Amino acid sequence: MMREHMMVTIGNRNDPCPCGSGRKYKKCCMGREGRTQAELADFYFRRHGIRLKTAEEIQGIRTAGELVLELLELAENLVVPGAVTGEIDDRIAEETLKRGAISAPLNYRGFPRNTCISVNEVICHGIPGERVLQEGDIVNVDVTPILGGYYADANRTFAVGRVSKEAADLIAVTRESLRRGMQVCGPGVHLGDIGFAIQDYAEREGYSVVRDFVGHGVGIEFHESPQVPHFGRKGTGVKLAPGMVFTIEPMINIGRKDSMILDDGWTAVTVDGSLSAQFEQTILVTEDGFESLTPYDPEYFSA
Ligand code: MF3
Ligand code: CO
Ligand code: CO
């Protein structure tokens, strides 16, 4: 989603609360340990607008996540040289409906299709259409079915046939960036710790991290609080709590981090035309770590 505001820094007693509220720590979270989950949920909603999910809601999102996995596998099979992006979108939409779900992107703030398909220098929000995939392209397919009222949101970047080493390396680093962001998740961890883990790794590998789009709370609605930046400083931002469900969806560029939106009002591209890749999963914070609710990558779905 489009980033909307900046984060807050931390400190001690008289400094801004580590939860990111902007209030003094002593007037906010200090001494609030030992609350029930219902009290915690009430606090997170009032203070941050974050909905901690109930067990029933989590099960609903997990079931939507199972469909996400199938849709991304279908996408993987459809992404071949000569394929038309609009036809890939049609096939995924058809499968989504067959499974009793609907595609969240369709008509979302006027978005015209069921999926986002982002090729090469497109960072995200590519609109499926007439474009024909060529061997050597890299293609991100992002799906968000609504099943039983619950949303799960994930994407993967695929190589079309054989791709350059540059492109393959970008895909590998982006996938690893997501893995690193996920691995730090657990109760008490700060949102900024996720962004730090991603940025620190990706930049050390010589890539840039897109700032203009961020991960987001998800599940009951498409885009909920909080925003989840893929860059940041350790110990900043809201603390994660059990029942939080959000996406991590780093967009990593070979060249500059800057983006611009094309005249269609959606397609975000790199300003320098360099390749961009993305991977996204929907994550649940558990009592002792995290669980992916869209576990398409068996090497990392919980900790
Ligand atoms: N699925 C995208 C995300 O990860 C959002 C797409 S919004 C749309 O947040 F309108 F472009 F579909
Ligand atoms: Co998302
Ligand atoms: Co998405």
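**Entry 1: the cobalt ion (ligand 3)**

What arrangement do the six donor atoms around the cobalt ion (ligand 3) make? I looked up the angles: they run from 58 to 170°, which makes the arrangement irregular. My note on the word: six donors count as octahedral if opposite donors are over 155 degrees apart and all others between 65 and 115, four count as square planar by those limits or as tetrahedral if all angles lie between 85 and 135 degrees, and anything else is irregular. For ideal values, I wrote down 109.5 degrees for four tetrahedral donors, and 90 or 180 degrees for six octahedral ones.

Before going on, I noted that this is a predicted model, where local features need pLDDT of at least 70, side-chain atom pairs count only at pLDDT 80 or more, and totals for chains, interfaces and linings use all residues. Residues are numbered from 1 along each chain as written, chains are lettered from A and ligands numbered from 1 in the order written, and side-chain values use heavy atoms, with hydrogens and water left out.

Next I looked up who holds the cobalt ion (ligand 3). Asp142 (OD), Asp142 (OD), Asp153 (OD) and Glu280 (OE) coordinate it at 2.0 to 2.3 Å. Donors here are N, O and S atoms within 2.8 Å of the metal (3.2 Å for Na, K and Ca), and sites may look incomplete because water is not among the atoms. Along the chain, the donors follow the spacing D-x10-D-x126-E. Asp153 sits in the loop between strand 6 and strand 7, and Glu280 in the loop between strand 15 (276–278) and strand 16 (281–285), so this pair ties together parts 127 residues apart in sequence. Helices (H or I, at least four residues) and strands (E, at least two) are DSSP runs, numbered from the N terminus. Asp153 and Glu280 are both buried; buried means under 20% relative accessible area, exposed over 50%, and partly exposed in between (1.4 Å probe, protein chains only).

**Entry 2: the cobalt ion (ligand 2)**

Which protein donors does the cobalt ion (ligand 2) have? I found Asp153 (OD), His216 (NE2), Glu249 (OE) and Glu280 (OE), at 2.0 to 2.2 Å. This site is irregular as well, with angles of 52 to 162° among its six donor atoms. The spacing of its donors reads D-x62-H-x32-E-x30-E. I then checked the two ions together: they are 3.3 Å apart, and Asp153 coordinates both. His216 lies in strand 9 (residues 215–217) and Asp153 in the loop between strand 6 (150–151) and strand 7 (154–159), so the pair ties together parts 63 residues apart in sequence. I found Asp153 and His216 both buried.

**Entry 3**

My reminder: an α-helix has 3.6 residues a turn, so residues three or four places apart point the same way.

**Entry 4: the cores**

I looked up the largest nonpolar core, which has 73 residues; Tyr44, Val141, Leu240, Phe246 and Ile248 have the most contacts inside it. Such a core is a set of buried Ala, Val, Leu, Ile, Met, Phe, Trp, Tyr and Cys residues joined through side-chain atoms within 4.5 Å. Helix 2 gives the largest share of this core, 10 residues. A second, separate core of six residues includes Ile123, Cys124, Phe213 and Ala268.

Most residues other than glycine have a negative phi, and most peptide bonds are trans. I looked for exceptions. A cis peptide bond, with omega about 0°, joins Ser225 and Pro226, and Pro226 is in strand 10.

Is Arg109 buried or exposed? Arg109, whose phi is positive and near 45°, is exposed, with a relative accessible area of 66%. His125 also has a positive phi, near 60°, but His125 is buried at 19%.
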